[in-house]
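Here is a short walk through a protein model for someone meeting it for the first time. Have a look at the picture, then read on.

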Amino acid sequence: MKKKVFHFSGKPVNYYFDASFDALKTIVPIASSVIITDENVFNAHKKKFKGWSTIVLKPGEQYKVQQTVDVVIDQLIELGADRQTTLIGVGGGVITDITGYVASIYMRGIAVGFVPTSLLAMVDASIGGKNGIDVGVYKNMVGIIRQPNFLLFDVRFLKSLPLSEWQNGFAEIIKHGAIKDAALIKQLHSHTLAAYKKDLSLTAKLVERNVMIKTKVVLADEFEKADRKLLNFGHTLGHALENTYELSHGQAISIGMTYAAVIAEQIVQFKSRNVLVALLEKYGLPTYASFNIAKAVSILQKDKKKTKDAVHYILVEKIGKGVIHTIPFVTLEKIFKGI
Ligand code: NAD
């Protein structure tokens with residue numbers, strides 16, 4: 001187990017890389033901790049939860065809503081959770097988001113740690129302190145930026161992760177490469193998903209590299225005034241499509257990145273659209289898709305990243321260099337229609 005400590009707005013966050021879930025009991029006392037997980041993770045790893053107070057939720061994005069938060073809070077009261085309790089989210093991004101959000105409001109804020117179990121949660125959702133829930137079709141509409149106390153990365157959880165969820169994780173990994181790390185894109189081109197799935201030590205290195213990309217971006221701009229916005233590459237359109245078409249997060253942002261690359265060609269003369277699209281396809285992700293343009297644009301008009309007539313869109317100037325451009329809705333609609 002390798003420990004690294006990062007300081008976010010004064011608060012230390014302990015990262016345990018290459019760790020084993022068993023080490024959790026050396027980080028937090030079992031007696032004052034409550035784990036929140038979902039049925040899929042719980043059923044695949046039952047033994048690991050022995051001895052821990054555990055709240056098991058139904059899996060899926062449709063449960064990342066206020067009603068689940070209410071249920072969890074009721075159960076915490078029943079379990080006698082108090083200000084000394086540490087909540088631990090053991091699961092994918094839905095679980096880490098809900099757990100982080102509940103921890104930030106329960107008794108006006110209690111300690112929280114994450115053990116991400118999906119590739120996507122390892123490389124993205126568990127990092128950076130954004131926690132929230134969805135409201136109707138609006139993703140992450142309600143939430144908070146509050147750092148966890150610790151993160152524990154145990155890639156052995158990935159042994160039970162379905163292939164489609166590996167693909168979802170690779171969408172965020174490709175995103176990191178596209179905006180910040182051209183060498184990562186090269187590495188991904190020379191490997192395959194099957195190779196990462198087979199060789200978890202290779203995956204552990206990939207996870208750490210991606211955790212560091214996201215951590216560095218967040219450290220430089222925790223409250224999303226500038227560079228952190230780049231992490232939304234593919235997400236603007238992606239979020240608009242995600243709930244409307246019941247796509248997974250990874251699929252939605254893969255389509256989002258494809259169209260962002262098209263827009264980037266027209267606005268910042270991006271020249272490597274085919275390299276990016278081929279890589280997304282290599283990792284089993286959808287790229288070009290037909291969608292209702294008017295509906296997508298109307299959802300974008302309620303996006304958190306919009307101004308009155310325009311939206312702050314994340315583009316790539318070249319592989320490894322993300323940039324932010326303000327694009328009027330009319331221009332966006334015209335580009336989408338022209339594709
Ligand atoms: P998820 O939590 O729904 O997990 C995906 C599926 O994999 C679920 O069915 C889950 O039960 C299952 N699963 C997870 N780990 C498993 C394992 N080890 N074995 C077997 N099954 C397992 O979703 P996700 O893809 O991990 O994350 C997506 C969510 O994360 C979205 O809600 C998104 O908004 C959020 N997110 C948040 C941030 C952030 O900064 N807070 C960043 C990116 C994404």
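A quick word on names: helices (H or I, at least four residues) and strands (E, at least two) are DSSP runs, numbered from the N terminus. Keep in mind as well that this is a predicted model.

With the naming in hand, which helix gives the largest share of the lining of the second largest cavity? That would be helix H9 (residues 200-220), with three residues. The cavity in question has a volume of about 50 Å³, and its lining is made up of Phe17, Asp18, Phe153, Val155, Ala204, Val207 and Glu208. Sorted by class, that comes to five nonpolar and two charged residues, with no polar ones. Counting cavities of 30 Å³ or more gives three.

Now for an open space. The second largest pocket has a volume of about 170 Å³. Around this pocket sit Val56, Leu57, Lys58, Gln62, Tyr63, Val65, Gln67, Thr68, Val71 and Gln75. Strand E4 (53-57) and helix H3 (66-79) each bring at least two residues to the lining, and H3 gives the most, with four. The classes here are five nonpolar, four polar and one charged.

Here are the two spaces in one table:

| Space | Volume | Lining by class |
|---|---|---|
| Second largest pocket | about 170 Å³ | five nonpolar, four polar, one charged residues |
| Second largest cavity | about 50 Å³ | five nonpolar, no polar, two charged residues |

E4 turns up again in the sheet. In what order do the seven strands of the open sheet lie? They go E1-E2-E9-E6-E5-E3-E4, and the pairing is mixed. Strand E1 (2-8) and E4 are at the edges with a single partner strand each, so one side of each has no neighbour in the sheet. From one strand to the next, the twist averages 20 degrees.

In general, strands of a sheet pair through backbone hydrogen bonds, either parallel or antiparallel. Strand E2 (residues 11-17) and strand E9 (residues 150-152) run parallel, joined by three bridges.

Helix H4 (residues 93-105) packs on it and touches E3, E4, E5 and strand E6 (111-116). The direction of H4 makes about 165 degrees with that of E5.

Strand E7 (residues 130-135) and strand E8 (residues 138-145) run antiparallel and are joined by five bridges. Val135 has Tyr138 as its bridge partner in E8. Two residues lie between the strands of this hairpin, and Gly136 takes a positive phi near 60 degrees.

Last stop: a pair of helices. Helix H11 (residues 249-268) and helix H12 (residues 273-282) pack at an angle of about 175 degrees, and their axes are 10 Å apart. Angles over 145 degrees count as roughly antiparallel, so H11 and H12 are roughly antiparallel to each other. On the H11 side, the contact is made by Ser254, Met257, Thr258, Ala261, Val262 and Glu265. H12 brings Arg273, Leu276, Val277 and Leu280. By class, the contact has six nonpolar, two polar and two charged residues.

Conventions: Residues are numbered from 1 along each chain as its sequence is written. This is a predicted model: local features need pLDDT of at least 70, side-chain atom pairs count only at pLDDT 80 or more; totals for chains, interfaces and linings use all residues. Side-chain values use heavy atoms; hydrogens and water are left out. On a 1 Å grid over the protein atoms alone, a cavity is a set of points where a 1.4 Å probe fits but cannot get out, and a pocket is an open set with protein on both sides within 12 Å along at least five of seven lines; lining residues have an atom within 4 Å of a point. Grid points are joined across faces, edges and corners, and a volume is the space filled by probe spheres set on the points. Ala, Val, Leu, Ile, Met, Phe, Trp, Tyr, Cys and Pro count as nonpolar, Asp, Glu, Lys and Arg as charged, and the others, Gly among them, as polar. Two strands pair if DSSP finds at least two bridges between them. Axes are lines fitted to C-alpha atoms, for helices over the stretch in contact, and angles run from 0 to 180 degrees between N-to-C directions. Contact means heavy atoms within 4.5 Å. Angles under 35 degrees count as roughly parallel, over 145 as roughly antiparallel, 65 to 115 as roughly perpendicular and the rest as oblique.
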